Amino acid sequence: VGAFADDVQAFRENGGLGMSVTLPFKVQAFQLATHPQPSALVAGAANALRFVEDRIETQNFDGAGLCRDIEHNIGLPLPGQRVLLLGAGGAARGVVPALLAHGASEVVVVNRTVATAQKLAQEFATLGPVTARTYDDLAGEHHFDDFDGRLKIPAILPKLSETPGRTDFAGPEVGHHNHEVLTELLGLDVATINDLKSRGII
């Protein structure tokens, strides 16, 4: 984990033009940025790096991806919805601002360490209603009338407000959005992508 910055630099020196970043490196990726984009600035975390000359540009598309899946793939409009978010780590930082920007009436952040959820809620309080809760607090929600202290999700999402309790989309396969990331977010053309593939960089 401690060698992340060195590994990024080595990747750049070997011809890398950009990279996708996942846990647990999203906050470190943001800290490397010389030119963070608004999505990364708001979240304080990044999952895409682009190297342009001496610049390191960062993006965070966690929120955009989640909102697109909810609204386009599941078909559930977000405006007015009360959203339950499990966990308060780097991914949560990326999605809370986007959920509020898409019209969610409230984002309830549940985390095992409630202080972490509270800190997240305080940081984003100016963007809209964000509430920190514990898993035990869910016992008071009527959506969890049979809650026994453990959160069980047997293939069906919990029903929240008017959200139907169904699963219509299992999520994209690994690499499903590679082309979108490489072209739209990193600005690479087809020839460059094919060259990087032939050299084993991507």
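Analyst: The answer below starts with the helix, moves to the sheet, and ends with the cores and the whole chain.

The model is predicted. Helix α1 spans residues 4-13 and lies across β1, β3 and β4, running at about 45° to β3. Which residues of α1 are buried? They are Phe-4, Val-8 and Arg-12. These three residues cover an arc of only 75° around the axis, so they sit on the same side of α1. The partners against which the buried residues of α1 pack are β1, β3 and β4, together with α2 (26-31). On the face of α1 turned away from this buried side are the exposed residues Asp-6, Asp-7 and Glu-13. After α1 comes Gly-15, which has a positive phi near 100°.

The sheet under discussion is open and has four strands, in the order β1-β3-β4-β2, with mixed pairing.

Two of the pairings can be followed residue by residue. Strand β3 (residues 48-52) pairs with β4 in the antiparallel sense, over five bridges. Within this pairing, Arg-50 has Glu-57 of β4 as its bridge partner, and Phe-51 has Ile-56. β3 and β4 form a hairpin with two residues between them. In the turn, Glu-53 has a positive phi of about 55°. On the parallel side, strand β2 (residues 35-36) pairs with strand β4 (residues 55-59) over two bridges. There, His-35 stands opposite Glu-57 in β4.

The largest nonpolar core has 21 residues. Within it, Leu-85, Val-96, Leu-99, Val-107, Val-109, Leu-120 and Val-130 touch the most other members. At least two residues of this core come from each of α4 (62-73), β5 (82-86), α5 (90-101), β6 (106-110) and α6 (114-123). α5 gives the most, with six residues.

Beyond its neighbours within four places in sequence, Leu-120 is in contact with Ala-88, Ala-92, Arg-93, Val-96 and Val-109. Ala-117 is found in helix α6. Its relative accessibility is 0%, so Ala-117 counts as buried. Not counting residues up to four places away in sequence, Ala-117 touches Ala-88, Val-109, Asn-111 and Ala-132. Ala-117 and Gly-89 lie 28 residues apart in sequence, with 8.7 Å between their C-alpha atoms.

For the protein overall, there are eight helices and seven strands. Of its 202 residues, 36% count as buried. Among contacts with a separation of 6 or more, 53% come from residues 24 or more positions apart. The accessible surface comes to about 11500 Å², and 52% of that surface belongs to carbon and sulfur atoms.

Terms used: Residues are numbered from 1 along each chain as its sequence is written. This is a predicted model: local features need pLDDT of at least 70, side-chain atom pairs count only at pLDDT 80 or more; totals for chains, interfaces and linings use all residues. Side-chain values use heavy atoms; hydrogens and water are left out. A nonpolar core is a set of buried Ala, Val, Leu, Ile, Met, Phe, Trp, Tyr and Cys residues joined through side-chain atoms within 4.5 Å. Buried means under 20% relative accessible area, exposed over 50%, partly exposed in between (1.4 Å probe, protein chains only). Contact means heavy atoms within 4.5 Å. Accessible areas come from the Shrake-Rupley method with a 1.4 Å probe; for residues, only the protein chains shown count as cover. Two strands pair if DSSP finds at least two bridges between them. Axes are lines fitted to C-alpha atoms, for helices over the stretch in contact, and angles run from 0 to 180 degrees between N-to-C directions. The arc is that of the directions from the helix axis to the C-beta atoms.
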